[in-house]
Protein chains: 2
Amino acid sequence: MQRNDRKPPTIKDVAARAGVSVMTASRAINGKALVSPSARQAVARAVEALGYVPNASARALAGSADRRVALLHSNSTTSAYLGELLLGALAEAPQRHLHLVVEQCAPGASAQEVVDQVAQAHVAGVILPPPLCDWSELVDLLTQRDIAVVAIAPDRDGPDRLSVGTDDRHAAYDLARHLIDLGHRRIGFIEGNPRHRASARRLQGFRDCLADHGIAVDDALVAAGDFSFRSGLDAAELLLGLATPPTAIFACNDDMAAAAITVAHQRRLNVPGDISICGFDDTPLASAIWPALTTIRQPIRDMSREAIGLLAMRFRSQDEGSGDSIAAVKLDYQLIRRQSDAVPARH
Amino acid sequence: MQRNDRKPPTIKDVAARAGVSVMTASRAINGKALVSPSARQAVARAVEALGYVPNASARALAGSADRRVALLHSNSTTSAYLGELLLGALAEAPQRHLHLVVEQCAPGASAQEVVDQVAQAHVAGVILPPPLCDWSELVDLLTQRDIAVVAIAPDRDGPDRLSVGTDDRHAAYDLARHLIDLGHRRIGFIEGNPRHRASARRLQGFRDCLADHGIAVDDALVAAGDFSFRSGLDAAELLLGLATPPTAIFACNDDMAAAAITVAHQRRLNVPGDISICGFDDTPLASAIWPALTTIRQPIRDMSREAIGLLAMRFRSQDEGSGDSIAAVKLDYQLIRRQSDAVPARH
DNA sequence: CTGAAAGCGCTAACAA
DNA sequence: TTGTTAGCGCTTTCAG
């Protein structure tokens, strides 16, 4: 009855305590078939009593079951985004018997160099957050090397391409409808970086919604932007400087929405009294400004969780030689209503 | 010359190619002594040619060298902070031959429960970010179980306690001095959560600086807060509503500084023309508002990197039976000057 | 300085 | 349904 168990219990200890062979213990622990209920129970009890936890290294070494997968990132995403991604992946990986490694690709590296780096890591799969997931040269090279790729929120999901994301168009549609339901008819839109397809999809959802509600889209109300706060300032300046300014602004991300609020305040406009302003993404910024932003939240953590799941599934079907399974999963977004929107002021 | 090397090369391949035994290869690869220069070189060449990378699992399984360490977090820190911490730790751990696992402790769990959870993970050490690092019951329990603990930015670093952080007092002193150098004499201060010692240390640095410059601290200029945006609003309201308002405000974090800017704008004050406002932490928020905040940046990623280093060092000295080494490391902070500060307006 | 043997904890494959 | 044998890739003995 010593306080400090120097060594953690091994499967041998479990087997001994359960009165079965190591193999039976192994099978029971891994939930395989072909184990009698009684043995299964005995093992379960032993595991419980000993506080046994399988040794991941040994498992990886023995079977070819545990594979390594990498979360490859450039330094261009924010650490909040990356943090969420990491948390999801780190939580899911062990459950799927995958080892997660994190790789950062060097700033100026060529696709070939990045692939070499990944290959060095002996990974069987890679999770690619934006903007990496849209670097087709990289994706192709990886695929050629038989490394599975799953894209997080890619610009477009090709067939036979593993991806997870949300439906930007649909989310934008919903947000636009929210504004319309409030009574807005002149709604300004601040575009994101034209190189990101997400921006185009959001605009599309916005346009579709207006069209469906019989509202003509005034092109003067669609201002260019690039997702940066700075660009949001200019766009909002333009929109609010119009002869007939909009009663609401739909910004393609929170940063630009925050900028729009800043401009509104500079112009002595009350938000949301005089003008409603909505964002997209629900970054921490959204709730750290006043008024807090009504915005769309994407389940980032769940995305990487799903990504790991997709990889695990792909490996399984590879092993079984069966055809590929589901390729693109779409997760639900959420409209977060805070204080930056309201019914339009009477004229 | 096949395209797809099915299996990665093992140490056997390296040894064969170098014309030495597996053991010599192992020793050479790990930089151990007792290897002839010629052998060492041959192995190095073989490694290079084969693109050999040691298999971490096998290494962990064979030696007792690789230990597991956990980054334990509650869900109370922001994901940006956690993300940075993760990136630092994930990058450093393999280099130190440590396996990093990430554990989230359940919201309402007792210290005992959390320790049990950690023990389950077979870790030899734990990295504790705030506020976990200040939960002394937890730290004690962990220590009793012979699990090394390193605290990230703890409220106070005891002797014999591994910790890494920055010098809050000193950083606050520097920021205050920056304001004084600009010409400010009436400087408001917005406190953080009184339960966080960091808040007190920042106030102390602020006071010390004023004292050193012969400026009396007017207690009316020190407003309570709790690090939240909301509390910053109230504090700023109070400060700016004073008969003789300050010409500058030093907020204990960026969120409250952002709030102060909001209030200033509501009162038709120009920032920084009419009033300078500084933050602390350099969160993404700092550069996503207008004007962008002058603030203090803490090297969060480096902190977790250092934390891993401390653990590795501790293990090494444990193994060698030597006494404990350096316990508390302080990292350099940085004063980031942006657009929220300026010389005070003439009266 | 170098090498051979043994085994880390676990699981495929094969028997029983 | 169960147990046995072998071996994953590496490092630790312990002998050369």
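Reader: Which residues does His73(B) touch, not counting residues up to four places away in sequence?

Author: Contact here means heavy atoms within 4.5 Å. Leaving aside residues up to four places away in sequence, His73(B) touches Leu87(A), Leu82(B), Val102(B), Glu103(B), Gln104(B), Cys105(B), Pro129(B) and Leu132(B).

Reader: What kind of model is this?

Author: Residues are numbered from 1 along each chain as its sequence is written, while chains are lettered from A and ligands numbered from 1 in the order in which they are written. Side-chain values use heavy atoms, with hydrogens and water left out; local features need pLDDT of at least 70, side-chain atom pairs count only at pLDDT 80 or more, and totals for chains, interfaces and linings use all residues, since this is a model that is predicted.

Reader: Is His73(B) buried or exposed?

Author: His73(B) has its place in strand E1 (residues 67-73) of chain B; helices (H or I, at least four residues) and strands (E, at least two) are DSSP runs, numbered from the N terminus. Relative accessible area under 20% means buried, over 50% exposed, and in between partly exposed (1.4 Å probe, protein chains only). Because its relative accessibility is 3%, His73(B) counts as buried.

Reader: Which residues are closest to DNA strand C?

Author: A residue is near a strand if one of its heavy atoms lies within 4 Å of it. DNA strand C is surrounded by 24 residues. The closest of them are Ile11(A), Tyr52(A), Thr24(B), Arg27(B) and Ser36(B).

Reader: Which elements give two or more residues to the surface near DNA strand C?

Author: A polar contact is a pair of N or O atoms within 3.5 Å; within protein, one must be able to donate a hydrogen and the other to accept it, and residues adjacent in sequence count only if both atoms are side-chain atoms. Phosphate oxygens of DNA strand C lie 2.7 Å from a side-chain N or O atom of Ser26(A), 2.4 Å from a polar side-chain atom of Tyr52(A) and 2.9 Å from a side-chain N or O atom of Arg59(A). The elements that give two or more residues to this surface are, in chain A and again in chain B, helix H2 (22-29) and helix H4 (56-62).

Reader: Which residue places a polar backbone atom 3.1 Å from a base oxygen of DNA strand D?

Author: DNA strand D is surrounded by 25 residues, the closest being Met23(A), Thr24(A), Ile11(B), Met23(B) and Tyr52(B). A phosphate oxygen lies 2.4 Å from a backbone N or O atom of Ile11(B), and one lies 2.9 Å from a side-chain N or O atom of Asn30(B). The polar backbone atom 3.1 Å from a base oxygen belongs to Leu61(A).

Reader: What is the phi of Asp146(A)?

Author: Most residues other than glycine have a negative phi, and most peptide bonds are trans. Asp146(A) lies in the loop between helix H7 (136-144) and strand E4 (148-152) of chain A, and at 44% relative accessibility counts as partly exposed. Its phi is positive, near 65°.

Reader: Which residue is joined to Val271(A) by a cis peptide bond?

Author: In chain B, a cis peptide bond joins Trp290(B) and Pro291(B), with omega about -5°. In chain A, where omega is about 10°, the cis bond joins Val271(A) to Pro272(A).
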